[in-house]
Amino acid sequence: MPDTTRTAESDPTKTMDEPTGSTSSSSAHEVSPHLEPKPASETPSTETIFDCRNVDVLYSGKLAVAEVTAPLMKREITALIGPSGCGKSTFLRCLNRMNDLIPGAEVRGEIIYHGQDLYAKDVDPVQVRKHIGMVFQKPNPFPKSIYENIAFGPRIVGMKGDMDEIVENALKRASLWDDVKDRLKDNAFGMSGGQQQRLCIARALAVEPDVLLMDEPCSALDPISTNRIEDLMLEIKEQYSIVIVTHNMQQAARVSDKTAFFTVDLSAGESNRVGRLVEHDVTEKIFTQPEDKRTEEYVTGKFG
Amino acid sequence: MTGAQIAAKAATQTTVISRRSKKDSRRETGFALIMWGALAFICLAIAVLLLTIVIDGLPRFSMDLFTNQPSKVNPETSGIQSAILGTLYLMVLTAAFVIPIGIATAIYLEEYADSTKWFNRFIELNIQNLASVPSVVYGLLGLAFIVRGPLSLGPTLLAGGITLTLLVLPVVIIVGREAIRAVPPSISEGALALGATKWQTIWRQVLPGSIAGIATGIILALSRAIGETAPLIVIGAAVSPRFNPDGLGSAFTAMPVQIFAYSKDADPQFLELASATILVLMGLLLLMNSIAIYLRNRFEQKW
Ligand SMILES: Nc1ncnc2c1ncn2[C@@H]1O[C@H](COP(=O)(O)OP(=O)(O)OP(=O)(O)O)[C@@H](O)[C@H]1O
Ligand SMILES: [Mg+2]
């Protein structure tokens with residue numbers, strides 16, 4: 001599968017392979033700065049966005065996540081589920097090299113993104129993060145105006161165009177525009193938690209990333225805000241690939257196309273807990289007829 | 001249960017929350033009294049001090065004080081113009097050195113230094129220690145290395161500025177680090193996740209988020225610097241110069257030095273001059289501290 005992707009990308013004549021007709025103008029070896037909005041894929045996606053091969057993550061030499069091999073698909077929502085401490089966040093943070101910021105963290109294996117190993121020697125993590133945005137569990141707006149919160153990213157990455165327009169578009173995409181259009185100059189700290197989280201999503205979208213990673217984005221929100229963010233994800237997945245960590249089974253079932261179930265492997269002893277990917281499949285299958293007994297126990301709430 | 005028993009139970013239940021005992025309340029008033037006493041003592045001491053200074057100094061607090069130059073012989077026509085200017089120049093000079101060096105060091109130690117490395121820990125420990133070294137020691141350092149020795153600047157304004165910089169630098173670094181540390185890591189993470197470089201993150205998020213704390217620290221450090229007497233005397237500040245400092249290489253005096261010089265004189269008129277100078281210096285310090293408090297209340301980021 002990953003090989004098809006790469007050929008399709010580097011060779012425009014092969015677009016026949018893709019029924020949706022979506023092509024990327026970028027060559028396989030450069031990470032494209034701005035992806036054009038693409039038509040929604042009606043059929044299941046056939047392109048991988050991340051091809052993870054044997055990914056291990058170690059903290060200070062201690063294995064935390066082991067041997068994750070999974071192709072994550074383009075323009076799909078992939079949910080990562082599993083018990084606490086199984087390494088969902090750790091794995092998610094590998095995908096945009098946020099783990100580089102943790103002293104002692106080490107990633108082994110390959111994560112192929114647009115034909116390029118994210119962990120290759122010559123890859124600049126700063127460039128990676130420009131293409132792969134992230135929304136965190138706790139809303140973390142900057143202590144600035146709503147406008148400045150959104151404008152920060154585009155300024156940093158040197159986006160051209162009218163900043164007012166960029167800000168307005170980002171807020172609209174995050175369905176926040178109507179809430180805040182009259183108070184763009186107000187400090188973002190004065191917003192509600194749900195609004196702050198949507199602001200963080202808008203902020204991530206403003207730099208026009210290719211992928212959006214979300215680590216339990218709704219865990220601090222009420223059901224109504226959660227609902228809005230879920231709707232939002234479904235709307236924007238036509239243009240973005242989304243990977244979301246969630247503890248909420250219903251949420252995973254509602255929004256995701258694929259689900260990856262991780263668990264804690266205790267076979268090496270209680271002090272050597274290692275997170276492993278158990279099963280990665282179409283969401284419906286994971287929730288109705290999973291292959292693995294552990295997955296079934298977890299999704300039906302019989303776990304532990 | 002008989003009716004009597006129920007009644008008895010109800011009676012005991014009304015006093016489930018026992019009333020405050022006499023002993024407790026007496027103890028509380030006792031503590032309150034001790035605290036009020038301590039406060040009153042401090043206020044009284046300050047009031048007496050201020051009052052004597054004001055009574056002594058007020059008659060001499062006139063325009064002449066600001067326009068005339070100091071004198072060792074004529075107390076009637078003496079002023080402190082060169083001392084006021086000396087203090088202001090020293091302050092500007094110290095600020096010019098301490099702001100960039102202090103902030104840069106604080107950023108390095110908080111954001112770049114790997115605190116598991118021995119030399120970084122060594123630097124940290126030394127900065128902590130330097131902050132508590134008596135100021136006269138900095139004077140000796142200035143004398144040996146700046147006025148004489150390697151730099152050989154002589155007892156000049158520049159030498160005074162560098163000495164005071166060394167004196168307050170540790171405090172500025174420590175306060176700066178605290179302000180930087182107060183910015184939650186989630187803010188940096190948010191910026192980095194958008195593709196900001198480390199420097200962009202520091203410059204555009206971490207520093208703006210901590211600048212109020214840093215600025216407050218710098219102003220308080222500067223107000224300490226201009227109140228210092230010992231190091232300036234040790235490095236050889238001029239006594240009662242009748243000229244204003246006119247450059248970095250100029251001899252200088254400062255208000256604390258002048259206060260010291262005047263108060264040593266047997267002539268009580270000089271003592272009045274010393275009190276008047278204290279009033280000026282205290283006014284300046286009060287102003288600076290008010291600015292620091294204002295900055296903190298107005299701009300400090302609540303996370
Ligand atoms: N910065 C770190 N340093 C050392 N170990 C860490 C660090 N972050 C996570 N770990 C360890 O890695 C393992 C996986 O943690 P991770 O946070 O990825 O789990 P998670 O699946 O996201 O859990 P949760 O659902 O509670 O968020 C845990 O055993 C944890 O102790
Ligand atoms: Mg987590």
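Me: With a relative accessible area of 41%, is K117(B) buried, exposed or partly exposed?

Reply: The relative accessible area is read against two limits: buried means under 20%, exposed over 50%, and partly exposed in between (1.4 Å probe, protein chains only). K117(B), at 41%, is therefore partly exposed. Please keep in mind that this is a predicted model, in which local features need pLDDT of at least 70 and side-chain atom pairs count only at pLDDT 80 or more, whereas totals for chains, interfaces and linings use all residues; side-chain values use heavy atoms, with hydrogens and water left out. Residues are numbered from 1 along each chain as its sequence is written, while chains are lettered from A and ligands numbered from 1 in the order in which they are written.

Me: With which residue does K117(B) form a salt bridge?

Reply: A salt bridge is a side-chain nitrogen of Lys or Arg within 4 Å of a carboxyl oxygen of Asp or Glu. The partner of K117(B) is D114(B), and their closest N and O atoms are 3.4 Å apart. D114(B) is likewise classed as partly exposed, at 33% relative accessibility.

Me: How many salt bridges does the structure hold over all chains?

Reply: The total over all chains is 26. One of them joins D179(A) and R228(A), whose closest N and O atoms are 4.0 Å apart. This pair links distant parts of the chain, 49 residues apart, since D179(A) belongs to helix α6 (residues 177-180) and R228(A) to helix α8 of chain A. The names follow a rule: helices (H or I, at least four residues) and strands (E, at least two) are DSSP runs, numbered from the N terminus. D179(A) is partly exposed at 28% relative accessibility, and R228(A) is partly exposed at 32%.

Me: Which side chain meets that of R177(B) in a salt bridge, and what does the pair tie together?

Reply: The side chain of E110(B) does, with 2.9 Å from N to O. R177(B) lies in helix α7 of chain B and E110(B) in helix α4, so the pair ties together parts that are 67 residues apart in sequence. R177(B) counts as buried at 10% relative accessibility, while E110(B) counts as partly exposed at 21%. Both residues belong to a network of salt bridges that also links E124(B) and R181(B).

Me: Where is E216(A), and what is to be read from its charge?

Reply: E216(A) is in the loop between strand β7 (211-215) and helix α8 (223-236) of chain A. Lys and Arg count as positive and Asp and Glu as negative; His and the chain ends are not counted. E216(A) has no salt bridge, although it is buried, and K88(A), the nearest side chain of opposite charge, is 5.3 Å away. The relative accessible area of E216(A) is 13%.

Me: Which residues are in contact with E216(A), leaving aside its neighbours within four places in sequence?

Reply: Contact means heavy atoms within 4.5 Å. By this rule E216(A) is in contact with Q137(A), V245(A), T246(A) and H247(A). With the side chain of Q137(A), the side chain of E216(A) makes a polar contact (3.4 Å). A polar contact is a pair of N or O atoms within 3.5 Å; within protein, one must be able to donate a hydrogen and the other to accept it, and residues adjacent in sequence count only if both atoms are side-chain atoms.

Me: What is the phi of S240(B), and where is this residue?

Reply: Phi of S240(B) is near 50°, again a positive value in a residue other than glycine. S240(B) is in the loop between α10 and α11 (255-264) of chain B. It is buried, with a relative accessible area of 8%.

Me: Which residues of helix α6 of chain B are buried, and what covers them?

Reply: In this helix (residues 135-147), the buried residues are S135(B), Y138(B), G139(B), G142(B), L143(B), I146(B) and V147(B). Their cover includes α5 (118-130), α7, α9 and α10 (230-235) of chain B. T163(B), in helix α7, illustrates this packing: beyond four places in sequence, it touches Y138(B), G139(B), G142(B), I146(B), P231(B) and I235(B). T163(B) is buried, with a relative accessible area of 1%. After α6(B) comes G149(B), whose phi is positive, near 60°.

Me: How many helices and strands does chain A have, and what share of its residues is buried?

Reply: Chain A has eleven helices and ten strands. Of its 304 residues, 55% count as buried. Among contacts in chain A with a separation of 6 or more, 69% come from residues 24 or more positions apart.
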